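Hi everyone, thanks for making time. Let me put the model up on the screen, and then we can walk through a few spots together.

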Amino acid sequence: MRRNLTGMLLLSILLLAACAPGEPEAQTVESETAEPLIPEFTISLDELARFAVDLEDSTLAEAMLVRPSEFLLLMRDVLTEDPDLFLIADKEHSLPADYRPEDLVSLSDFDLALNRGDLSLSAAIMPDLLAMDQAARNAGLQLVYSSSFRSYDYQKEVYTRHVAQLGQEAADRVSARPGTSQHQLGTTVDFGSITDAFAATPEGEWLAEHAWEYGFSLSYPAGYEEETGYAWESWHYRYIGRPAARMAELYFDGLQHRFLGFLAEHRAYFEERYLG
């Protein structure tokens, strides 16, 4: 409640300043908020407030204005990451059939607990994945890797199998059609049993609390099937990088799909104002 009140108060002050430029008080606030928040962007607090006003998500707008400098620092780091980290693969956005990361490495080459010997992931995410795995081990836990990169053709087999077992409507709640699976990105892992029971395991609980610290984000949280298109999958984590995962945690209530949608819609705005 305090954060919401603070954000709304700040937003109201900035809007009043923008609407009454002829008043001495407004001119004072304007001069204080016209300087860039951080050197890497040309964005002032006043401009960020104007941007926030146009957002449909009032919770996000308030969070941005409570911690505006950190928001832009994280956005700076996101803009310098490989854009492929933020590709959207869902029921409305498909990957080409031949999309395949060029840097795939076998997980069998690392000291990891695997359910299968043919698992692979993008080499770019391995440092953070290994750091997360070690942190779990330090906590007395063992992360088990059950699924990773899937080619378009392999996902087609998986989806066809689900349709045969469950029927079309039920299959579409739990399995992606070929080209729309995050697994094709090479940055997504299914952990443990790949069942709802995983959420209540020590490893499932640990990931839910700590995965974002290592750049991993739960793709399909409980209660958001209407938004994500899929039923809850407590075992399905996608790597989006540490800055993005922290941004999603702080400003988007930990909801990966909302962060990715926001970035896709507004990336050009921040790129135009980025001085890097």
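Pro-68 sits in helix α5, residues 68-79; helices here are DSSP runs of H or I with at least four residues, strands are E runs of at least two, and both are numbered from the N terminus. A quick word on the source: this is a predicted model, where local features need pLDDT of at least 70, side-chain atom pairs count only at pLDDT 80 or more, and totals for chains, interfaces and linings use all residues. Residues are numbered from 1 along each chain as its sequence is written, and side-chain values use heavy atoms, with hydrogens and water left out.

So, is Pro-68 buried or exposed? Pro-68 counts as buried because its relative accessibility is 12%, and buried means under 20% relative accessible area, exposed over 50%, partly exposed in between, with a 1.4 Å probe and protein chains only. Beyond neighbours within four places in sequence, Pro-68 is in contact with Leu-37, Leu-45 and Leu-48, contact being heavy atoms within 4.5 Å.

Next, helix α7, residues 152-166. Gln-155, Val-158 and Tyr-159 are buried there. They cover an arc of only 95 degrees around the axis, so they lie on the same side of α7; the arc is that of the directions from the helix axis to the C-beta atoms. Asp-153 and Ala-164, on the other side of α7, are exposed. The buried residues of α7 pack against α8, 168-174. Just after α7, Gly-167 has a positive phi of about 95 degrees.

Last stop: Ser-120, in strand β3, residues 120-122. Ser-120 counts as buried, at 13% relative accessibility.

Key
Expected span 1.5 Å × (residues − 1).
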